[in-house]
Amino acid sequence: MTIQATSPPAVESASRGERHATYATREALVLCGLTAGLVLAFLLSLALGSTNVPIGRVIEVLFGTSTERDGAAVVVEAIRLPRSLTALLAGAALGIAGLQMQTLFRNPLADPFSLGISSGASLGVAIVVLGSGMSVAAAFGASTGLRGDALLIGAAISGALAVLGLVLIVSSRVANPTTVLILGLMFGYTASAIVTVLVGVSSPERLMQLAQWGFGSFSGVTWQRLRLFAPLTIAGVLMAAAMTKQLNALLLGDNYARSMGVAVRRARLLTMFGASMLGAVVTAFCGPIAFLGIAIPHLCRGLLGTSNHRVLVPAVVLMGGAVALVAQVVSLLPGSAGILPLNAVTSMIGAPVVVAVLLRSRRGAFAA
Amino acid sequence: MNAIRPSTTGDPTLRTRDLAVGYRSRRQRRAVLERVNLTVEPGELVCLLGPNGIGKSTLIRTLARMQPALWGAVELGGTALDSLSTSDLARRLGVVLTERVAVESMRARQLIELGRYPHSGWLGGLTDRDHEVVSWAIDAVGANHLADRDVARMSDGERQRVMVARALAQEPVLLVLDEPTAFLDVPSRVELMGLLRRLSRGGSLAVIVSTHDLELALRTADVVWLLLPGGDVVTGAPEDVILSGGIATAFEGRHIRFHPEERSFRWLTGDRGTAAVRGDGLPAAMAKAVLEREGYGLVVEPVTAESLSLTVSEVGWHLSGEGADMSGDTFRSLAAHLRGLTQSNHDKEIES
């Protein structure tokens, strides 16, 4: 260290350390592996189901090289393809939203629903299913040309947005991120409490319908709905990708982030809005999907050994999509007629994997 | 193009005009310090000193625009702090705080690259020049051996060093540090202050650092800002501030006295008589320290019958006078005997 070293280099010269190479190589390898895994999971999800279609046939249908319109082609095109695209997008969206929330609150337990979003969605659905009753809903649906489940989507997203709006309004007056997190929890509890009250006064058939929604499913999203679902989720993911610079700086905490030029308040509101919208959209179309939002970011950090969002965002998209597809395949119990609730599958296959990754890397995503 | 801009306008790096700092609630403003007029010139290392709770942090945070001023103004290079955009400010002012950053899986170089935030585009991609500045910052704080290590696995001292490099990577004209040494062990504290001193010696970077480490600050600073109880601010070279008696006013308590010649504090342990030390070198100095700690005034020759006489050499000590005649070979035993002596004298007084 010398006195000369007290002013920055004035002349440009290209001399990047070679030691970066090893980390960059590892990151590239992991990203390639994840891409391959995603493609594989996508093809498998199209091939496997109540009736199995050979992979070769799936590829023919996908690329339109086969003109034969048999049952398999119809199943793949009309049922499995939108379902798999939905799973892919939902997994990516939940993973990204979880990553955003965990970074924003510097809390490894944060997920897309930490601000009470899914409770709000549940409340919306419960009000429609239990409160007003499906007869009213059906009448309303008939008059507006909507089917009953389209109404559920509307109800879920209204409930989620109502809670999100409340949280954003209140949190714009609160400086402490932890307080915002607690506020979100409280709003969530309040919404859940109202749902419980509704459940207490409802008939068994309606409860069954509510429970069905609570299982989560990628199957309800048709090609028509994908036209809304896909742009919304892709927009949310792109928004997160555009904010990697802010997210990286926020890793050092609000004070340091601000001192380096981050408009912290704006970045926080935008991130909360983006992540919650992703959570709300997925919940509205697929039901409350547990676990992916919290687990995917941890899996990616563990695999990559980095907290750099420029690498984590693409990794989370690939990993989220792949894991959701695998969960989707497993929930269909390929070769049988049975179906497992999606939520049960995501948690059952996911939890042990996360435990293994965390134990292997011997540290969490955040310092204690 | 040199990124650390020398002040071409002749304006000081930082100037406050009748600044009042404190807290504001919905109804009222509560000032901690008022009418503060301070300047920092390029290349100066300023240490902000003062007792706990007097407003050091509040002042530092206001100077770094981490909280708004109540009244008055702060100017950075002649420009009002409030008129700068967030990224303009970040290009001129770097900050290091007490708080530990809780980030896992991040290498030091990556963390320091975050300091390029205000210079890079909206996606945060770094140019060759950005990488050059980062390498320079790593070199400037002597952290080349840390560059590829995980920040979470560093000692507090190493991490603060990295945080300073990150602030340098912003290419600021002013570095503001809020008690950066609070969690550090003594060697790390000295090293960090030495680092700040070296950085400011470059001539264009000014540094303001608040610290509790009074003696280290008085040894290292170019300028001291001393906050006194009652809201006065004494400024000057450390020696000016010592001479003004400000240090004594701010810090002396019932049990400690500031000794200007030594720029350090001593215990006030009471007056238990006088003692003379015979001997030389380090053993004599150590013996004097023991006597002083036990409350004896030092004299050249035993002046009264009660005066103790202590002879020390490399092999041990011998104590005589005041009815005592003892020897020993450790200062621990000397201290124990002195305490016993005081106790027995005390007992005698009670008996008589």
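Reply: Two packed helices are described by the angle between their axes and the distance between the axes. Here the axes of H3 (residues 71-104) and H9 (residues 223-242), both of chain A, come within 10 Å and cross at roughly 25°. H3(A) is therefore roughly parallel to H9(A) (angles under 35 degrees count as such). This is a predicted model: local features need pLDDT of at least 70, side-chain atom pairs count only at pLDDT 80 or more, and totals for chains, interfaces and linings use all residues. Residues are numbered from 1 along each chain as written, chains are lettered from A and ligands numbered from 1 in the order written, and side-chain values use heavy atoms, without hydrogens and water.

Me: Which residues make the contact of H3(A) and H9(A)?

Reply: Among them are Leu81(A), Leu85(A) and Leu89(A) of H3(A) and Phe229(A), Ile234(A) and Val237(A) of H9(A) (contact means heavy atoms within 4.5 Å).

Me: Is Ser259(A) buried or exposed?

Reply: Ser259(A), in helix H11 (residues 254-259) of chain A, counts as buried because its relative accessibility is 10% (buried means under 20% relative accessible area, with a 1.4 Å probe and protein chains only). Leaving aside neighbours within four places in sequence, Ser259(A) contacts Ala90(B), Leu93(B), Val95(B), Arg166(B) and Gln170(B).

Me: How do side chains point from strand E4(B)?

Reply: In a regular strand the side chains alternate between the two faces of the sheet. Leu45(B), Cys47(B) and Leu49(B) point one way from E4(B), Val46(B) and Leu48(B) the other, and all are buried.

How values were computed: Axes are lines fitted to C-alpha atoms, for helices over the stretch in contact, and angles run from 0 to 180 degrees between N-to-C directions. Helices (H or I, at least four residues) and strands (E, at least two) are DSSP runs, numbered from the N terminus. Angles under 35 degrees count as roughly parallel, over 145 as roughly antiparallel, 65 to 115 as roughly perpendicular and the rest as oblique. Buried means under 20% relative accessible area, exposed over 50%, partly exposed in between (1.4 Å probe, protein chains only).
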